Amino acid sequence: MGTPKFSIDSEKARDMDPGELAEELGTGKEGLSSQEASRRLKEAGPNALPEKKVNPVMKFLSYFWGPIPWMIEIAAVLSAVVKHWDDFVIISVLLVFNAVVGFWQEHQASSAIDALKSQLALKARVRRDGKWRQIDACELVPGDIVRLRLGDVIPADVKLTEGDYLTVDQSAMTGESLPVNKKEGDIAYSGSVTKQGEMVALVVATGADTFFGKTARLVSGPKGASHFQKAVLSIGDYLICLSVGLVIVLVGVQLWRGADLLKITQFALILTVASIPVAMPAVLSITMAMGAVALSKMKAIVSRLESIEEMAGMDVLCSDKTGTLTQNKLKLGDPVGAGGTEAQEIILAGALASKEEDGDPIDLAVIGALGNREEITKYEQTGFSPFDPVSKRTEAQIKAPGGRTFAVTKGAPQVILALCAPEDRLKQEVLSSVEGFAAKGFRTLGVARSDEGAGWKFLGILPLFDPPREDSADTVKRAGEHGIKVKMVTGDNVAIAREISSRLGMGADIRSAEEFFPQGEGPESGYAKTGEEIVRADGFAQVFPEHKYRIVKAMQAAGHITGMTGDGVNDAPALKQADMGIAVSGATDAARAAADLVLTAPGLSVIVKAIEEARKIFERMNSYAIYRITETIRIMLFMVLAMLAFNMYPITAVMIILLALLNDLPIMSIAKDNTWLDPRPVKWKMKRVLTVSTVLGALGLVETFALLYIVKEVMGLPHGMLQSVIFLKLCVAGQLTLLVARTKNPFWSKPHPAPVLAGALLCTQAIAACIVGFGFFVTALPFKYILGVWAYALVWVFIEDWAKIQVYKHLSLKGRRHTEFLKVLGASLKHHSASHHLSGQVAEDTA
């Protein structure tokens, strides 16, 4: 015997003889010795998936790395250089605050997911040193001999070596809705559940080498940057470019004027602080975190905060069928009687040929269909032969209430027909019915009866199917109302998929995955080519794990934000790749680890509620982004232009820091603001965001310069009071701008600001009034000046609101024209293609 291997691929093991395989693994019927098992455990590793743990310290430090953190850090360094320690402390506190919020929310979400995880198979019965014993499943090694019984979760990939048969539910692995019968020499996968039978098996692969483990590897890579992260970076880049350009212009002019280098550095600090959306990451994180808390109350746990934004923009949802759209529970359809046999008579005979205590899914479905469960208790089952893959039927000997005896059997229709030997006409009718049910995706059973030793009489057909969940049709309908196309993705055949899809109103255009991704093609081939074809299809059948992954990739290549629901190991790669991966209730560890949203309650209805909540969260983030960019433009341009025009500081460095605190920290309450619900998928439209922000910022610039002219040239206020007036105006007008930015409609229309936001704004305004009224850090102002600034800002807020509405109308009209142009262009191209095809066909016919 050569050196034993520690793992053999399950596909290779499938083709090997059990004896040859045992020799290859260096084992025998008595199993491994304890010493050998320990040695293999050290070398092969535990029977568990390796978990990659991120160092919490490194995770926390990552929040200090990126364009916006860099800008804040530069501002802090400049503060230290010019020895403005108050500025340094305030900026540093904001930087750390942002990092703590992001880190803590990610940590909380991760903890929730960890709490959901459980061991795949906790215990295993193994033969060691010639004796059967129970051990932790993680201690299994290749070469171990294990015993599998009813209800066991198979702890590793195994080759069945002894026993009659094993009925296995491997829907979590392959997507097959019905249990699969295994016999000696077959492979059973780790994570499958034993439904019937008992067999001895040889462990061929453990841990990461199992089918479960190899699938999990596909989801171990990092996920790409989200649309949210890209949007934040776009905003940061825009403000960085604007800030650098203004700094270069200003520094050049000031050096030409002969200004002091320290003064230039000081102003560069002011401008940098003004240009940085210091609290933007924190505000957006808190907004999403509050949404995550709301979703958790709906029994949906968010594992990645950015995924909330992805959910708001999702326009395609790929849904696994078995256990997600359907109940993963067999149900009896309408029986078809032979020779006038009543439906309940067929069901009763089928139920008598079943054994409820065995827990067989088919037996339970037949017994559950009885109109009166008490009827079966009148009969005594004196003998029972369970289903096995050879006979393909069950049989029971029955004693009726009057002492009369008879036998009943149920099984594959062809087998039962052969047993009964009916006339040709009846046989053809039965086979025709079986084919008709098969076309609709039903599994069928034949039922027969034999009275007191007489021949078998064919009674009829029992159709079985996996019915849709009660809430699935409503969920699909509501998703459509929200602009989301739901597509079925299943491992079952086309007929079954088409039947369920039609019942749920999802359409009947179900395509085999092989049509789009033939065997032998590379994993990255054809995404752009097949993307639109895949989008047009209503669903996909006969799908393997790699197909699901590639379907999602193809739809993303076609420009769709794609969601994927699932519960099994086979769903994990697609869940990871999808923009929004959703693990449904009862999902495997691999699916949960790959998902962005984990449902803890059965059913899909919570997904629609989650989408509604996500879109509200998105509107809050969008409103804040417009507000913050507007304020940055307004303050930066005013500071630079005022410096260039009047060669003075319109506000002090301390005032800028106070503005940052007064404008940003209370605005975090926008996370609880009321907002409208968009009926269509939403996404970041940076052109619209920047256009609206720039227009509002330009109006704010005019507004501030007009006030500067009034207080400087008309009223002739001293410089200190002038700075206080400008500071108060920037603070009041800035927060009124939030009321303008939070809605596309007039700012006084519904939905009105939430009490917490309105309260925060009023408190902040009161603090700002007190600062200038009592002269804290600034020159004091008389009360009449404070009222005057308020009145001035209120007049301008109506002007800003009118301008905002005009911009939205212009952008909306431009967008409609663009859409209409694309429709006309598409129709023209389609017509041209059809005409070209027809011309070619005519030429071909003429030839």
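**Rings, helices and a few backbone angles**

Let me start with Asp129. Asp129 is partly exposed, at a relative accessible area of 39%. Here is the scale: buried is under 20% relative accessible area, exposed is over 50%, and partly exposed lies in between, with a 1.4 Å probe and protein chains only.

Now the ground rules. This is a predicted model, where local features need pLDDT of at least 70, side-chain atom pairs count only at pLDDT 80 or more, and totals for chains, interfaces and linings use all residues. Residues are numbered from 1 along each chain as its sequence is written, and side-chain values use heavy atoms, with hydrogens and water left out.

Back to Asp129. Where does Asp129 sit? It is in the loop between strand 1 (123-128) and strand 2 (131-136). The phi of Asp129 is near 55°, a positive value in a residue other than glycine. Ala421 also has a positive phi, near 50°, and is not a glycine. Ala421 lies in the loop between helix 16 (413-420) and helix 17 (424-439). With 61% relative accessibility, Ala421 counts as exposed.

One more backbone point. The peptide bond from Lys750 to Pro751 is cis, with omega near 0°. Pro751 is in the loop between helix 28 and helix 29.

Next, aromatic rings. A ring pair is described by the distance of the centres and the angle of the planes. The rule takes rings of Phe, Tyr and Trp (its six-membered ring) with centres within 6.5 Å; planes under 30 degrees apart are stacked, over 60 edge-to-face, and the rest tilted. How many aromatic pairs does that rule give? Eleven. Take Tyr379 and Phe406: their ring centres are 6.1 Å apart and their planes are at 85°, so this pair is edge-to-face. Tyr379 is in the loop between helix 15 (361-368) and strand 14 (380-385), and Phe406 is in strand 16 (residues 405-411), so the pair ties together parts 27 residues apart in sequence. Tyr379 is partly exposed at 22%, while Phe406 is buried at 4%.

Phe638 and Phe705 form an edge-to-face pair too, 5.1 Å centre to centre and 65° between the planes. Phe638 belongs to helix 25 (residues 605-646) and Phe705 to helix 27 (residues 686-714), so this pair ties together parts 67 residues apart in sequence. Phe638 is buried, at 0%. Phe705 is partly exposed, at 24%. There is also an aromatic cluster made of Phe437, Phe442 and Phe465.

Now charges over rings. The test is NZ of Lys or CZ of Arg within 6 Å of the ring centre and within 35 degrees of the ring normal. The charged end of Arg449 sits over the ring of Phe406, 3.8 Å from its centre. Lys744 lies over the face of Tyr808, at 6.0 Å from the ring centre.

On to buried helices. Seven of the ten residues of helix 14 are buried, so this helix is largely enclosed by the rest of the structure. Among them are Ile346, Ile347 and Leu348. In helix 15, the buried residues are Ile362, Asp363, Ala365, Val366 and Ile367. What covers them? The cover includes strand 12 (331-332), helix 14 (343-352), strand 14, strand 16, strand 17 (443-451) and strand 18 (457-465).

Two single residues. Ser501 is in helix 19 (residues 494-503) and is buried, at 0%. Leaving out residues up to four places away in sequence, Ser501 touches Met488, Met506, Gly507 and Ile510. Contact means heavy atoms within 4.5 Å. His719 is in helix 28 (residues 719-741) and is partly exposed at 38%. Setting aside neighbours within four places, His719 is in contact with Met648 and Tyr649. His719 and Tyr649 are 70 residues apart in sequence and 9.3 Å apart, C-alpha to C-alpha.

Last, the surface. Phe774 is in helix 29 (residues 755-774). Is Phe774 buried or exposed? Exposed, at 63%.

Definitions and conventions:
Helix = DSSP H or I, 4+ residues; strand = E, 2+ residues; numbered from the N terminus.
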